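Hi,

Here is the structure I promised to send over. Have a look at it first, and then read on for what turned up when I went through it.

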Amino acid sequence: MNDLIQTIAVYAIPVIFAITLHEAAHGYVARLFGDPTAWQAGRVTLNPISHIDPVGTLLVPAMILLISKLTGGAGLLFGWAKPVPVDFGRLRRPKRDMLWVALAGPLSNLFMAILWVLAFRVYIATGVQEGFWYEMAQAGVVVNLVLMALNLIPLLPLDGGRVLFSLLPQRMAWQYSKIEPYGMVIVIVLLVTGTLHFFMEPFLAFGRVVVSWFL
């Protein structure tokens with residue numbers, strides 16, 4: 001039980017900061033491109049309380065860590081925050097600008113993964129290669145790369161789906177948008193069947209290459 005509590009403590013701060021920056025980045029970029037909805041709702045903030053979903057941010061990741069500890073496995077850490085409200089119709093050029101609003105979240109996680117890598121380097125340079133903060137830096141890299149990769153899967157309503165919608169020709173984009181009501185069900189099925197990682201791996205590989213430049 002002590003190991004489980006320590007694991008949750010190690011991952012808690014990286015998870016909270018990862019989802020906070022991710023959601024705030026969406027709202028900030030949406031405002032830059034003409035949609036103040038998130039700003040008016042008070043969601044363009046680094047205050048984690050504004051973004052935490054009790055189930056998706058806290059309960060689900062904690063349960064995955066618990067099951068992983070009990071079974072001895074290494075389950076894919078999965079969760080979500082309260083989505084930042086974005087009214088794409090208020091963007092100056094909705095279809096084009098959607099791409100930048102969508103990319104803002106995953107790119108913020110890549111940026112945070114780099115910051116955790118730099119923290120990791122500091123610990124190594126000072127001779128610290130174990131302990132709570134050392135493990136937290138490692139967890140921070142993993143959490144942010146996983147969140148980036150998950151959101152880049154080209155499936156609506158994930159950010160990667162928004163990017164693909166933005167890039168597709170108009171008619172194909174609207175046809176593609178019809179899968180959005182089923183998108184999260186598909187993600188859960190992929191998670192349960194153990195195939196979600198297959199679709200995340202190209203983005204994880206990209207993230208690992210980028211953070212390796214800072215090691």
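Let's start with Trp133, which sits in helix H5. Together with Ile13, Phe17 and Phe132, Trp133 makes a nonpolar surface patch of about 380 Å². Two elements each give two or more residues to that patch: helix H1 (2–32) and helix H5 (132–152). Keep in mind throughout that this is a predicted model.

Now for the fold as a whole. As for overall size, the C-alpha trace spans about 55 × 35 × 35 Å along its principal axes. The radius of gyration is 18 Å, which agrees with a compact globule, because 215 residues packed that way would come out near 17 Å.

Next, what the records say. The unreviewed UniProt entry lists residues 58–78, 99–124, 136–158 and 179–200 under "transmembrane region". I looked at two of those in the model. Residues 99–124 are 100% helix and 0% strand, with the end C-alpha atoms 38 Å apart. Residues 136–158 come out at 74% helix and 0% strand, and there the end C-alpha atoms lie 27 Å apart.

The unreviewed UniProt entry also lists residues 128–192 as "domain: Peptidase M50". In the model that span is 72% helix and 0% strand, and its end C-alpha atoms are 37 Å from each other.

Pro157 is in the loop between H5 and helix H6 (159–167).

Leu156 turns up again at Ser177. What is Ser177 in contact with, leaving aside its neighbours within four places in sequence? The partners are Leu156 and Phe165. Ser177 itself is in the loop between helix H7 (170–176) and helix H8 (183–192). A polar atom of the Ser177 side chain also lies 2.6 Å from the backbone oxygen of Trp174.

That's what I have for now.

Cheers

Definitions and conventions. Residues numbered from 1 in each chain as written. Predicted model: local features only at pLDDT ≥ 70, side-chain atom pairs only at ≥ 80, totals over all residues. Heavy atoms only, no water. Helix = DSSP H or I, 4+ residues; strand = E, 2+ residues; numbered from the N terminus. Polar contact = N/O pair within 3.5 Å; in protein donor to acceptor, adjacent residues only side chain to side chain. Contact = heavy atoms within 4.5 Å. UniProt positions renumbered as here; feature names shortened; annotations may be inferred. Patch = residues over 30% accessible without salt bridge, like charges linked within 9 Å, V, L, I, M, F, W, Y side chains within 5 Å. Areas by Shrake-Rupley, 256 points an atom, 1.4 Å probe, with all protein chains shown as cover. Salt bridge = Lys/Arg side-chain N within 4 Å of Asp/Glu carboxyl O. Rg over C-alpha atoms; globule rule 2.2 N^0.38 Å.
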